[in-house]
Amino acid sequence: MAGRLAGKVALITGGAAGMGAAFVRVFASEGAKVAAADIQDDLGLKVAEEVNRAGGEAIYLHLNVAEQRDWTAAVAQTVRRFGKLTTLCNVAGIYRTEGTETETIEGWQQLIAINQTGVWFGMRTAIPEMKKAGGGAIVNISSVAALSARPMAVAYHAAKAAVHLMSKVAALEYARDGIRVNSIHPGFTMTSTASALPEEMKKALADPVPMGRAAAPEEIAYGALYLCSDEAAIVTGTELVIDGGLSARH
Ligand SMILES: NC(=O)c1ccc[n+]([C@@H]2O[C@H](COP(=O)([O-])OP(=O)(O)OC[C@H]3O[C@@H](n4cnc5c(N)ncnc54)[C@H](O)[C@@H]3O)[C@@H](O)[C@H]2O)c1
């Protein structure tokens, strides 16, 4: 075990699959105690078991990020199990391709509840524990979709842009508490969901990337590892774009 996160206790949403599962593995391998939280309980339990078998320390918690009561329970369980909470990664998210007229009210509200309100719930519930712990770090997964627009996916762009600025607001509010808040903006990333896309769609998404390929989920996790480690002790209120150069050309 390397130790860039030794002494940290991290709650990671979306921890059962895709990017979040990569965060759980990378954080645990760097010495963090990890609570992996998701709604896919079977997959999440497997991720935690795998970490524990590899010599790390992880638990799985059921957490629908759109439910404040789930957040209250998950933060309490994490603190009960590991003694404190120092680190929060809001990774859970969904995607919809509906446009300004075609999006439904239900679809809009569901996406905003998970991708935007869920991030606020997470921060407001974790921050009091981080204050007790003497500081902490929050990484919110936004997207390149927060930085420039494409037609369609109106709710997704709206939520990811909100997460970008919500992260900066919280960074300013809690800087003097030693709580750092940053956002990560991945481009096309080959998570389980992305792998299931038809080959021609994957090619269409990868072709415009200057580096010519999707990111691996671990390549996003390494950015979060830095931001949540003490190496980033003076880094707050900023954004880390990890997109193979995609947004450099806009
Ligand atoms: N994959 C990409 O290309 C890409 C690019 C930019 C940003 N992102 C963002 O990265 C994050 C992770 O995406 P991914 O590609 O790994 O997706 P994924 O679908 O592979 O994994 C998302 C995880 O979030 C969980 N989840 C969904 N709704 C939830 C809820 N209400 N409560 C708790 N957990 C819930 C799912 O069960 C799943 O385990 C998302 O926020 C996504 O918007 C992804």
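User: Leaving aside its neighbours within four places in sequence, which residues is Lys 8 in contact with?
Analyst: Please note that this is a predicted model. Lys 8 contacts Ala 32, Lys 33, Thr 86, Thr 87, Cys 228 and Asp 230, with neighbours within four places in sequence left aside.

User: Where is Lys 8 found, and is Lys 8 buried or exposed?
Analyst: Lys 8 is found in the segment before E1. Its relative accessible area is 16%, and Lys 8 counts as buried because that value is under the 20% limit.

User: Which side chain makes a polar contact with the side chain of Lys 8?
Analyst: That of Asp 230, at 2.7 Å.

User: Let us turn to the overall fold. How many helices and strands are there in the protein?
Analyst: The protein has 8 helices and 7 strands. Its radius of gyration is 17 Å, close to the 18 Å that the globule rule gives for 250 residues, so the protein is as compact as a globular protein of that length. The C-alpha trace spans about 45 × 35 × 35 Å along its principal axes.

User: What percentage of the residues is buried?
Analyst: Buried residues account for 51% of the 250 residues. The accessible surface of the protein is about 11600 Å², and 56% of it belongs to carbon and sulfur atoms.

User: Among contacts between residues at least 6 apart in sequence, what share joins residues at least 24 apart?
Analyst: The share is 72%.

User: What does Val 34 touch, not counting residues up to four places away in sequence?
Analyst: Val 34 touches Ala 10, Ile 12, Val 24, Phe 27, Ala 28, Glu 57, Ala 58, Ile 59 and Phe 82 on that basis.

User: On to the ligand. Which of the residues around the ligand come nearest?
Analyst: Of the 27 residues around the ligand, the nearest are Asp 38, Tyr 156, Thr 189, Thr 191 and Thr 193.

User: What is 2.7 Å from an oxygen atom of the ligand?
Analyst: An N or O atom in the side chain of Tyr 156 is at that distance. An oxygen atom of the ligand is also 3.5 Å from an N or O atom in the side chain of Ser 192, and a nitrogen atom of the ligand is 3.3 Å from a polar backbone atom of Leu 63. Taken alone the ligand exposes 830 Å², and the protein buries 88% of that.

User: Next, His 164. In which helix is His 164 found?
Analyst: His 164 is found in helix H5 (residues 154-174). This residue is buried, at a relative accessible area of 11%.

User: Which side chain does a polar contact of 2.5 Å join to that of His 164?
Analyst: The partner is the side chain of Glu 239. Apart from neighbours within four places in sequence, His 164 contacts Ser 142, Ala 146, Leu 147, Ser 183, His 185 and Glu 239.

User: What is the phi of Met 152, and of Ala 153?
Analyst: Most residues other than glycine have a negative phi. Met 152, however, has a positive phi of about 75 degrees, and Ala 153 has a positive value near 55 degrees.

User: Where is the place of Met 152, and is Ala 153 buried or exposed?
Analyst: Met 152 lies in the loop between E5 and H5, and the place of Ala 153 is in the loop between E5 and H5 as well. Ala 153 is buried at 3% relative accessibility, whereas Met 152 is partly exposed with a relative accessible area of 43%.

User: Finally, what does Tyr 226 touch, not counting residues up to four places away in sequence?
Analyst: Tyr 226, which is found in helix H8, touches Arg 4, Glu 231, Ala 232 and Val 235. Tyr 226 counts as partly exposed at 32% relative accessibility. The C-alpha atoms of Tyr 226 and Val 139 are separated by 10 Å, although the two residues are 87 apart along the chain.

Methods:
Residues are numbered from 1 along each chain as its sequence is written. This is a predicted model: local features need pLDDT of at least 70, side-chain atom pairs count only at pLDDT 80 or more; totals for chains, interfaces and linings use all residues. Side-chain values use heavy atoms; hydrogens and water are left out. Contact means heavy atoms within 4.5 Å. A residue is near a molecule or strand if one of its heavy atoms lies within 4 Å of it. A polar contact is a pair of N or O atoms within 3.5 Å; within protein, one must be able to donate a hydrogen and the other to accept it, and residues adjacent in sequence count only if both atoms are side-chain atoms. Accessible areas come from the Shrake-Rupley method with a 1.4 Å probe; for residues, only the protein chains shown count as cover. Helices (H or I, at least four residues) and strands (E, at least two) are DSSP runs, numbered from the N terminus. Buried means under 20% relative accessible area, exposed over 50%, partly exposed in between (1.4 Å probe, protein chains only). The radius of gyration is taken over C-alpha atoms; the globule rule is 2.2 Å times the number of residues to the power 0.38.
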